[in-house]
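Here's a quick tour of one model, starting at the ligand and working out to the sheet. Have the structure open while you read.

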Amino acid sequence: MTKSFRAAAGRHQHVLQGVSFSAEAGAVTTLLGTNGAGKSTSLACAQGLLRPDGGTVRLLDQDPWLAPAQLRARVGVMLQDSGLPPAQKPLAYLSHVASLYAQPRPVAELAERLGLNEFARTPIRRLSGGQKQRVALAVALVGSPEVLFLDEPSAGLDPQSRQVVFEIIEEERARGRAIVLTTHLLEDAERLSDTVYVIDRGRTVAHGSVAELIGNDSPPSLTVSFPEGAEPAWPAGVTPRREGGAYILDAVTSPALLASLTSTWEAAGILPVSLRLERRSLEDAFLALASEASHDLLEGSRP
Ligand SMILES: Nc1ncnc2c1ncn2[C@@H]1O[C@H](COP(=O)(O)OP(=O)(O)OP(=O)(O)O)[C@@H](O)[C@H]1O
């Protein structure tokens, strides 16, 4: 998809310059990117709220921009700014939305699950951001949709509500729904996603499972620190780099390497104060991708 908006002085802001993704039933597909990367715009195009300037969008085999009401009834949407009517009260509004569907989910069960009863009779405009988020999720779910679009579903939630929202998303996946969500939180993406699409300045720059993006088959790195003043010894050919007070070996490729390190320290009579073996996190992978993308952009802009 490509999409531009008219910016100041008649200029165009090219917000989407080549975003592609697909989402399967029974899976969570995540659009991950920094603020302003184009995630919400991509989601809005995918669900037919915006029309892309170029590219193709198919939602349940139809063009969502031209979609009839029957298609909309099969899709649940949770927007970032909630899009809820401010004067309505949460439970009454949820019941009203439920009444529009042939086979809605029980309103009482959803209200209980998402803790809506605490503020059931407060007008939506007086709710906190997190409370509105919970109402918006209930509204997205009440029609038992086949496809769920969730824009930043955990934004502004307290840890308990966040947990409930994660559980609900996992249940919907188990029910065979296609879930498309956006987030800039790597932790959420890592926890929930089957497939992650990394969006950077309006482009899809990488996609795959979290394990694929992290490169889980790559060896872990070792971070080790020693007591102050101790001069650590290293086996022949091993040259760690220093970072702060710690030593880092970027690739521990075998148990034998680890064994030779500890026996070298044993022979020298040195006991490390901390020793951590860890694989790359999604955050590391994401930061590496973002810096590659900005490098490519700089290279591309050179004459
Ligand atoms: N209706 C609009 N008119 C003009 N510019 C817009 C409009 N909607 C979005 N933009 C611009 O498009 C860019 C991408 O916005 P978008 O909301 O898609 O990003 P995002 O990745 O969802 O960011 P965030 O994580 O902050 O929600 C931003 O620079 C934004 O200002």
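## Around the ligand

Strand E2 (12-17) and H1 each give at least two residues to the shell around the ligand. Keep in mind that this is a predicted model. H1 makes the largest contribution to that shell, with three residues. Which residues come nearest to the ligand? Of the 14 around it, they are Phe5, Asn35, Lys39, Ser40 and Thr41. Sorted by class, the shell holds three nonpolar, 10 polar and one charged residues.

## The sheet

Now for the sheet: six strands form an open one, ordered E4-E5-E6-E3-E7-E8, and the pairing is mixed. Strand E4 (75-78) and strand E8 (203-208) sit at the edges with a single partner strand each, so one side of each has no neighbour in the sheet. From one strand to the next, the twist averages 15°.

At the E8 end, strand E7 (residues 195-200) runs antiparallel to E8, and five bridges join the two.

| Helix | Strands it lies across | Angle |
|---|---|---|
| H1 (residues 39-46) | E3 (27-32), E5 (147-151), E6 (178-183) and E7 | about 155° to E6 |
| H5 (residues 129-141) | E4 and E5 | about 170° to E4 |

Definitions and conventions
Residues are numbered from 1 along each chain as its sequence is written. This is a predicted model: local features need pLDDT of at least 70, side-chain atom pairs count only at pLDDT 80 or more; totals for chains, interfaces and linings use all residues. Two strands pair if DSSP finds at least two bridges between them. Helices (H or I, at least four residues) and strands (E, at least two) are DSSP runs, numbered from the N terminus. Axes are lines fitted to C-alpha atoms, for helices over the stretch in contact, and angles run from 0 to 180 degrees between N-to-C directions. Two residues are in contact if their C-beta atoms, placed from the backbone, lie within 7 Å. A residue is near a molecule or strand if its C-beta atom, placed from the backbone, lies within 6 Å of it. Ala, Val, Leu, Ile, Met, Phe, Trp, Tyr, Cys and Pro count as nonpolar, Asp, Glu, Lys and Arg as charged, and the others, Gly among them, as polar.
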